[in-house]
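Work through the exercises below with the structure in view. Each task is followed by a solution in steps.

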Amino acid sequence: DAPKVLDSCGDSDGPHRGSLCDRHCAAINNVQGDLGDLGCHLHRPRVPPATSTPSCCQQHLEEACESCVVKTTLTAENAVEANKLSNNYKFGFKKWKGHVTARPWEDRSEIVKELYSDLNVIRGSGGSTLTYGNVLYLLLFGWWLSLLYVLVAAVMFVTVMGAPYGRLCWDLAGYFLWPFGKVIQKVEVPKSYQTCEAGTGESSALLGGPTPCRWRPRCWLGTGYWHHASTAVWLCLGYPVLVLAHGLVCVTAWLLIILIPVAKLSARTTSRVLLLPPERVLIRRLRMTEVPLEGEVILCCYCAANPYYYKYAVDGINVFAVNLLPLVLVTLVLGYVDSPNHLTGSAVKFTLALLSIMPLSYYIGMAIASISAQSNFAVGAVVNATFGSITELTFYITALIKGSREGNRCYAEVVKSALTGTLVGCVLFVPGLCMVIGGIRHQEQRFNSRSAGVSSALLFLSVGGELGHKAVPRFGGVPPGWVHAPCPVLAGVFAPTLFSKVYGKLVCGECHNVTQNPLGHYLCHNCHFDLMDNNGTLYYSHVQPLVYTVSILLPAAYLIGLFFTLKTHTHIYDIHISDCHMPGHHHSAVVHWSRWRALVILLLSTLCMSACADLATEHISPILTNSTISQYFVGVTVLAMVPELPEIVNGIQFALQNNLSLSIEIGNCIAVQVCMLQIPILVLFTIFYPTNFTLVFSDLHVYASMFSVVLMNYIFMDGKCDYFQGTVLVMVYFILLAVYFFAPSPSGC
């Protein structure tokens, strides 16, 4: 909501540049606006222009503009929020778009302020109330809610003692049929009517008109006995029915999100209006020339729908994550209570378990961001490395345990497919989609290629190290974006795979002689490289030690990357936290989740994640055996990308704010954690709990991963992109999905 302040810049350490460079830097800054919606500004140091020749400016033009892009100073509302923003740019930290602290109310935009209003503010001129949202309310809730009030009013009149509440329900029936432009007010009853001493012609001092006839039955009832009897009849016959109806309306409107004003309307009615004495409730229609009303306004609604409610948050939690939280409870209860599948089948339970992973991933991400923002970088790095991949590891480990107990190799193949799908999706689909959506709003987007090169180098080391000597002739040289990657080194998660293909024995089954000649050609099926020849000498003596060596070296390289970016070479990000705060920000930090609360939520979410992963693996077996779709496709799509949906949403939001650096880093960091943390952890887990998981992938996984990493490095090497390059990445991703869709299932499944 805060505006962006962008200044022209120069390089104080290098040669002086002329006005041409300043204008070019300013043009870059116009398309480089970063963190506007995060409540921070980007300030870049300005160097007074000095005299220089045009040739000097042209010589250092590209270098100067690169320095303009990478220098960033963050200014946030408070120190905690600034720490969170700084962590977004650090390697190994989870990128989080939302706020971890409460924003000052005066700094919110008018659109956001309207989302959190209590529907008790009277506007001077609200315009026409005939809108699509209001008509939708009439069709969904208004007509039957009004009819219900009429029926309750009839019941109250029949009881005689409930007649005052019957009159109230009759008025509310007209109100809820079309509540827009009307006001419900709590008024004070004049003392003359409370003692029944006033005449019938006296007027109300508050309203300036005749006393409403709804006050008169109270006087007609006379004693307090009749009043208590009327209230008892109302609480027994009328109020419970209306509470159930408004509860249904409230839940339905809240789940629809854009109709949250209707949910607020129903909640305020049950908690305030229906519990007031009927003589203290006044319903009026507002007019354009009417003076402001005196007394307390309980309800005043002008519109039933607001499309901006996707921004609504409850205690810092987005409304989508709040709405999906009951789904987790339904999944756990249905999964463990209905074990024999009497109520629902395995397909429904598997779908619910996967959908439940999305809100749990959101809570885990926010908890990690909250703890990291309130701690030093060492604690943040440990928390991110420990719990950053907990969502995927929980599912993979439970699947491997189930496959080991059943002796089914399909679970190990599905886990390998999910690992490859996460890698390919985060390298191609996540940045490609962010480029496309961000490119719709911004013609060209730039990012810090120096900081992105760290993740790319580690990713190339873990995946494509063995491809370097093959890729150079194809491109005619090493692209500039690859200068940090150790191309000649035979290291990575696919090194054991290539090793087994070089030294393994090719074994085929179902061979048929095509030419009917014993020396002719044979057509064979189900060919694979056998590593267990000669009692497994090749595997146990050569392949398995290589797997363990790689599983130790890759996490070590990850730790070196953390030390490189967070300690010794922090200047590659050039992130500075300003000592001054934004104008008007003089408030102390009010965090949504304290460190202890975030830790408790993190542990509970991890526990629920383990239960949902157990249910998903329990009910995936019928889908794998009875479905005609390849197990490869199920792994690389559903199991790989569903847990990453919160990260994809964060990347899209960063791209819309023209902060493509963080969008790219989201995909790169996930891919790096897959190769350098998740796969080594799974390999080391097999030491303590033997499973069918071996670090030998199929050819399809190897080629898809290597091609994705090469394409990513080629696209990102110039530090700028547009929607066309994003479209290329997305199209390549869908082509790979088509390959997986039509690929036959793994052998043995």
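**Exercise 1.** State which residues form a nonpolar patch on the surface, and how much accessible area they have together.

Solution. The model is predicted: local features need pLDDT of at least 70, side-chain atom pairs count only at pLDDT 80 or more, and totals for chains, interfaces and linings use all residues. Residues are numbered from 1 along each chain as its sequence is written, and side-chain values use heavy atoms, with hydrogens and water left out.

Step 1. Patch members have over 30% relative accessible area and no salt bridge; nonpolar side chains (Val, Leu, Ile, Met, Phe, Trp, Tyr) are joined within 5 Å, like charges within 9 Å. A salt bridge is a side-chain nitrogen of Lys or Arg within 4 Å of a carboxyl oxygen of Asp or Glu.

Step 2. The patch consists of Ile111, Tyr308, Tyr310 and Phe320, with about 370 Å² together. Areas come from the Shrake-Rupley method with a 1.4 Å probe; for residues, only the protein chains shown count as cover.

Step 3. Tyr308 lies in the loop between strand E5 (296-301) and strand E6 (313-314). Helices (H or I, at least four residues) and strands (E, at least two) are DSSP runs, numbered from the N terminus.

Step 4. Tyr308 counts as partly exposed because its relative accessibility is 35%; buried means under 20%, exposed over 50%, partly exposed in between (1.4 Å probe, protein chains only).

**Exercise 2.** Describe how helix H16 and helix H27 pack.

Solution. Step 1. H16 (residues 410-441) and H27 (residues 723-742) have axes 7 Å apart, at an angle of about 145°. Axes are lines fitted to C-alpha atoms, for helices over the stretch in contact, and angles run from 0 to 180 degrees between N-to-C directions.

Step 2. Residues making the contact (heavy atoms within 4.5 Å) include Val424, Leu428 and Phe429 of H16 and Leu729, Tyr733 and Leu736 of H27.

**Exercise 3.** Find where Val160 and Asn341 sit, and give the phi of each.

Solution. Step 1. Most residues other than glycine have a negative phi.

Step 2. Val160 has a positive phi of about 65°. Val160 is in the loop between helix H6 (132-158) and helix H7 (163-177), and is partly exposed because its relative accessible area is 47%.

Step 3. Asn341 also has a positive phi, near 65°. The loop between helix H12 (319-337) and helix H13 (346-373) holds Asn341, which is partly exposed at 28% relative accessibility.

**Exercise 4.** State how many helices and strands the protein chain has, and what share of its residues is buried.

Solution. The chain has 27 helices and 12 strands. Of its 749 residues, 52% are buried.
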